[in-house]
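Subject: Structure handover

Hello,

Here is the structure you are taking over. My notes on it follow below.

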Amino acid sequence: MTTSATAGAPQAPAAGRRPRKTASAPTGTDRIPKPSQGWYRVKGTDLKLRRVTTILEQGTSKGDALTFWAGNITAETAMANLPYLVSSSLYPDQRTEAYDWLRRAHTRKKDERKDVGSAVHELIEAHVLGKPMPAELLSNEELAPFLDQFLTFVEEWQIEFEASEMVVGNEEQGYAGTLDYLLRSPLVAAALAEYFGVDVPANTVFCGDTKTGGELDVKGVYPEASLQMAAYRKAKVAWLRDGTKVPMPTTFWSGVVLHLRPEGYRLIPAVADDAVFEAFLTVKRNAEWTSGLSKTVIRPALTLPTTSEERAA
């Protein structure tokens, strides 16, 4: 004889299956979205916010600039290693190895600059938060000049930091990112007021960014920095270090980019107003085309119909 289960009573899981665990809501720092494969995923929800840096990589084009840069790096590497290349060219196995080494010269340089930039940002973050700086970074002779120049910048411009490495997002527009820092400085306010001919109160909050590549007064700060800053300025929410979600603080329509090099630094205004934000949204649409729709519009070649009925149709 079979009986029915009592209404409302919990049902036993099917044989061989484990009961599904209900995911608990994220708490504390787990509430801060983490970057993953070009997105920031908001835990406890199905929401994914496209990463600002990914948007800029996919949606902008530097034309032939990167091609010329890669060519120059390869040529410089070849000229600096002529004896090795000549001797390697005499033996097939060494020739292949030398060829592969030379053609990756620009990739090694790019990775090297990325490593330096990441390390410098880590040192800056530790300073801003008053945390001990990683010993392995402090003992790095290559990084020491960067840190010295950063500390000089902080002292000379009377910088007070409001936030560092803070995740911000705009859920309506579908993006998120991690800004370098927010700062206050009466000297920055005065300099921007004079530069733009507008009133800038001394206690104004500014978006700030650090770039470590290129050469002082030559290159190293590009227009994409303004697009990135405009996206951060127009974020609607921010996550504090304890995971608390708060409204994005209001900042001035021009931020500043600290171009930091071992031999010195420059503080560069970066306009990030409404017009620049609209340009960022255009870049975002370009990125969505590049990473999505563009992959589906060109289809396989047509085949000629094989029957007279198909031809007639």
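Axes here are lines fitted to C-alpha atoms, for helices over the stretch in contact, and angles run from 0 to 180 degrees between N-to-C directions. Helices (H or I, at least four residues) and strands (E, at least two) are DSSP runs, numbered from the N terminus.

This is a predicted model, in which local features need pLDDT of at least 70 and side-chain atom pairs count only at pLDDT 80 or more, while totals for chains, interfaces and linings use all residues. Residues are numbered from 1 along each chain as its sequence is written, and side-chain values use heavy atoms, with hydrogens and water left out.

In α1, Val52, Ile55, Leu56, Gln58 and Gly59 meet residues of α10, including Phe280, Val283 and Lys284; contact means heavy atoms within 4.5 Å. This contact has 6 nonpolar, 5 polar and 1 charged residues. Ala, Val, Leu, Ile, Met, Phe, Trp, Tyr, Cys and Pro count as nonpolar, Asp, Glu, Lys and Arg as charged, and the others, Gly among them, as polar.

Helix α1 (residues 52-59) also meets helix α9 (residues 224-233): the axes come within 10 Å and cross at roughly 140°. That angle makes α1 oblique to α9. On the α1 side, the residues are Val52, Thr53 and Leu56, and they meet Glu224, Leu227, Gln228, Ala231 and Tyr232 in α9. By class, the contact of α1 with α9 divides into 5 nonpolar, 2 polar and 1 charged.

There is also 1 cavity of 30 Å³ or more. On a 1 Å grid over the protein atoms alone, a cavity is a set of points where a 1.4 Å probe fits but cannot get out, and lining residues have an atom within 4 Å of a point. Grid points are joined across faces, edges and corners, and a volume is the space filled by probe spheres set on the points. The largest cavity holds about 50 Å³. Which element gives the largest share of its lining? Helix α9 does, with 4 residues. The residues lining this cavity include Gln228 and Tyr232, both of which also take part in the contact of α9 with α1.

Regards

Terms used. Angles under 35 degrees count as roughly parallel, over 145 as roughly antiparallel, 65 to 115 as roughly perpendicular and the rest as oblique. On a 1 Å grid over the protein atoms alone, a cavity is a set of points where a 1.4 Å probe fits but cannot get out, and a pocket is an open set with protein on both sides within 12 Å along at least five of seven lines; lining residues have an atom within 4 Å of a point.
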